[in-house]
Amino acid sequence: KQRVAAVEAINTTQSADIEQNEELLEPVNSALVNLQSRLSAIEGLDVQSAVSALAIAQQDIIELKSKVNALELTSFLILE
């Protein structure tokens, strides 16, 4: 009977330890799932489209800068 009680006590302790470890691992598992999701999103990015969009934006900025310079020159001439 003492052996049975000792085995039951060990089983109870091990079960409690397992539950505690599972609780401690929950945030780690959640973080890993989140990281995996973010990595999948990064892998899915279309780099070529991003580069094309950046080139178009750069061209738009150059055109806008040119227009601003032309307006400044026009404003200056009107003030004279």
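## A patch of negative charge

In this predicted model, the residues E19, E22, E23 and E26 gather on the surface, where they make up a patch of negative charge. One of these residues, E26, is found in helix α1, and E26 counts as exposed because its relative accessible area is 54%, while the cut-off for that word is over 50%.

## A nonpolar patch

The surface also carries a nonpolar patch, which is formed by L25, V28, L32, L35, L39, I42 and L45 and which has, for these residues together, about 670 Å² of accessible area. Among them, L39 is found in helix α1, the helix that covers residues 2-43.

Is L39 exposed or partly exposed? L39 has a relative accessibility of 45%, and therefore L39 counts as partly exposed, since that class lies between the limits of 20% and 50%.

## The chain as a whole

The chain contains 2 helices and 0 strands, and its C-alpha trace spans about 110 × 30 × 5 Å along the principal axes. The radius of gyration of the chain is 33 Å, whereas a compact globule of 80 residues would have a value near 12 Å.

How much of the chain counts as buried? Of its 80 residues, 0% fall into that class. The accessible surface of the chain comes to about 7600 Å², and carbon and sulfur atoms account for 61% of this area.

Terms used:
Residues numbered from 1 in each chain as written. Predicted model: local features only at pLDDT ≥ 70, side-chain atom pairs only at ≥ 80, totals over all residues. Heavy atoms only, no water. Patch = residues over 30% accessible without salt bridge, like charges linked within 9 Å, V, L, I, M, F, W, Y side chains within 5 Å. Areas by Shrake-Rupley, 256 points an atom, 1.4 Å probe, with all protein chains shown as cover. Salt bridge = Lys/Arg side-chain N within 4 Å of Asp/Glu carboxyl O. Helix = DSSP H or I, 4+ residues; strand = E, 2+ residues; numbered from the N terminus. Buried < 20%, exposed > 50% of the residue type's maximum accessible area, 1.4 Å probe, protein only. Rg over C-alpha atoms; globule rule 2.2 N^0.38 Å. Lys, Arg positive; Asp, Glu negative; His and termini not counted. Charge placed at Lys NZ, Arg CZ, Asp CG, Glu CD.
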